[in-house]
Amino acid sequence: MKRYKSANDRYRELFGEKTYKLALQGGATCPNRDGKKGFGGCIFCGEEGSGEFAEKRLGFCDSNGGECFLEQIERAINRISGKTNCRKFIAYYQSFTSTYMPHEDFEKMLLPALYDDRIVAVSVATRPDCLSDDILKILSDFNKRKKVFLELGLQTSNENTAKIINRGYDLDEYLTATNKLRDRKIETITHLIIGLPGENIEDYKASVLCAQENSDGVKLQLLHVLKDTKLAIMFEKGDFNEISLEEYADILCELLPIIPKEKTIFRLTGDPPKKSVIAPLWTTDKKRVLNYINSEFERRNVVQGSGITKI
């Protein structure tokens with residue numbers, strides 16, 4: 001059995017104590033929505049661009065660009081203060097493509113996190129094709145003062161599936177991006193989705209191998225079918241089937257052993273917005289999901305030690 005490194009393990013390793021992520025809105029859109037690469041986004045992407053749980057931006061930024069982000073951080077901390085006694089936080093720019101903006105605006109977005117002592121790191125979610133040299137320089141400079149996690153949405157290494165989901169970039173762009181990030185010593189996390197139309201366990205394994213070879217950590221998430229998406233239309237037509245909890249646990253039990261123990265597993269499940277999720281509905285009961293996955297890991301001797309569900 002292996003003892004895998006969870007996100008909580010990694011944060012304690014870096015910051016010495018439990019650290020909480022604050023989901024924030026950077027205000028960017030996506031090149032796969034505004035016409036640069038396509039329209040409508042990836043077929044699974046909802047109206048919030050994966051930022052359903054992010055603290056909302058209120059109004060416009062001031063002329064210096066930082067005030068609205070400072071207020072957003074403060075609201076996010078106040079909102080969770082009743083359920084955690086954390087003293088350290090990660091500013092997580094989650095929704096849409098957080099680097100898809102003029103580099104001057106991107107720098108202004110990060111500055112409040114730099115000067116707030118409660119914020120020990122930033123985590124930026126983006127696409128591999130939205131990392132200009134100017135953006136990379138900002139990330140590199142910031143990383144010398146506070147920790148940067150760069151989250152890349154790969155979803156799958158299968159180029160045919162990438163076309164089906166309307167991803168808008170090819171695998172070479174992902175590999176180029178990870179090389180540039182590695183050269184700048186920026187910790188990179190690759191996001192993968194389990195259950196994409198037409199994929200099977202061999203596709204999932206190939207994607208995991210690609211991710212763990214080219215990044216420092218992985219996020220594994222089950223495909224959620226959300227209302228008002230192209231994926232929802234495909235699902236209602238019967239173009240693919242949802243995965244059961246038992247099947248998902250089986251898949252995880254096969255995938256974890258191929259991930260080296262020095263890599264961080266930042267996520268094993270995801271939390272769909274209950275108001276818009278169509279399937280699988282079992283994913284809305286997070287406690288049940290984690291308990292079942294945990295019991296399967298223990299029964300099959302996949303993971304060593306307790307606290308498995310914190311992965």
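Predicted model: local features only at pLDDT ≥ 70, side-chain atom pairs only at ≥ 80, totals over all residues.
Reader: How do the axes of helix H9 and helix H10 cross, and is H9 parallel or oblique to H10?
Author: H9 covers residues 245-255 and H10 covers residues 286-299. Their axes come within 10 Å and cross at roughly 45 degrees. Angles under 35 degrees count as roughly parallel, and 65 to 115 as roughly perpendicular.

Reader: Is the crossing of H9 and H10 left-handed or right-handed, and which residues of H10 make the contact?
Author: The crossing of these two helices, H9 and H10, is right-handed. From H9, the contact uses Leu-245, Glu-246, Tyr-248, Ala-249, Leu-252 and Cys-253. From H10 come Arg-288, Val-289, Tyr-292, Ile-293, Glu-296 and Phe-297.

Reader: How many residues of the contact of H9 with H10 are nonpolar?
Author: The contact of H9 with H10 has 3 charged residues and no polar ones. Glu-246 of H9 and Arg-288 of H10 are among the residues in contact. The nonpolar residues number 9.

Reader: Which residues of H9 make the contact with H7?
Author: The axes of H7 and H9 also come within 10 Å, crossing at roughly 45 degrees. H7 and H9 are therefore oblique to each other, and their crossing is right-handed. H7 brings Ile-201, Tyr-204, Lys-205 and Val-208 to the contact. H9 brings Ile-251, Glu-254 and Leu-255.

Reader: How many residues of the contact of H7 with H9 are charged?
Author: In the contact of H7 with H9, 5 residues are nonpolar. None is polar. The charged residues number 2.

Reader: How many residues of strand E5 are buried?
Author: E5 spans residues 147-155. Lys-147, Phe-149, Glu-151, Gly-153 and Gln-155 point one way from the strand, and all are buried. Val-148, Leu-150, Leu-152 and Leu-154 point the other way and are buried too.

Reader: Which residue stands opposite Val-148 in E5?
Author: Strand E4, residues 119-126, runs parallel to E5. The two strands are joined by 6 bridges. Opposite Val-148 of E5 stands Val-122.

Reader: Is Thr-161 buried or exposed?
Author: Thr-161 is found in helix H5, residues 159-164. Leaving aside neighbours within four places in sequence, Thr-161 is in contact with Thr-156, Leu-196, Pro-197 and Glu-199. Its relative accessibility is 4%, so Thr-161 counts as buried.

Reader: Where is Pro-197, and what is its relative accessibility?
Author: Pro-197 sits in the loop between strand E6 (187-194) and helix H7 (201-214). Not counting residues up to four places away in sequence, Pro-197 touches Thr-161, Ile-164, Leu-223, Leu-231, Met-234 and Phe-240. Pro-197 counts as buried because its relative accessibility is 8%.

Reader: What distance separates the C-alpha atoms of Pro-197 and Met-234?
Author: Along the chain, Pro-197 and Met-234 are 37 residues apart. Met-234 is one of the residues that Pro-197 touches. Their C-alpha atoms are separated by 9.1 Å.

Reader: Is Asp-134 buried, partly exposed or exposed?
Author: Asp-134 lies in helix H4, residues 133-143. Buried means under 20% relative accessible area, and exposed means over 50%. At 41%, Asp-134 is therefore partly exposed.

Reader: What distance separates the C-alpha atoms of Asp-134 and Phe-106?
Author: Asp-134 belongs to H4. Phe-106 is 28 residues away from Asp-134 along the chain. The C-alpha atoms of the two are separated by 9.8 Å.

Notes
Residues numbered from 1 in each chain as written. Heavy atoms only, no water. Axes fitted to C-alpha atoms, helices over the stretch in contact; angles between N-to-C directions. Helix = DSSP H or I, 4+ residues; strand = E, 2+ residues; numbered from the N terminus. Left-handed = near helix turned anticlockwise from the far one by under 90°. Contact = heavy atoms within 4.5 Å. Nonpolar A, V, L, I, M, F, W, Y, C, P; charged D, E, K, R; others polar. Buried < 20%, exposed > 50% of the residue type's maximum accessible area, 1.4 Å probe, protein only. Pairing = 2+ DSSP bridges. Parallel < 35°, antiparallel > 145°, perpendicular 65-115°, else oblique.
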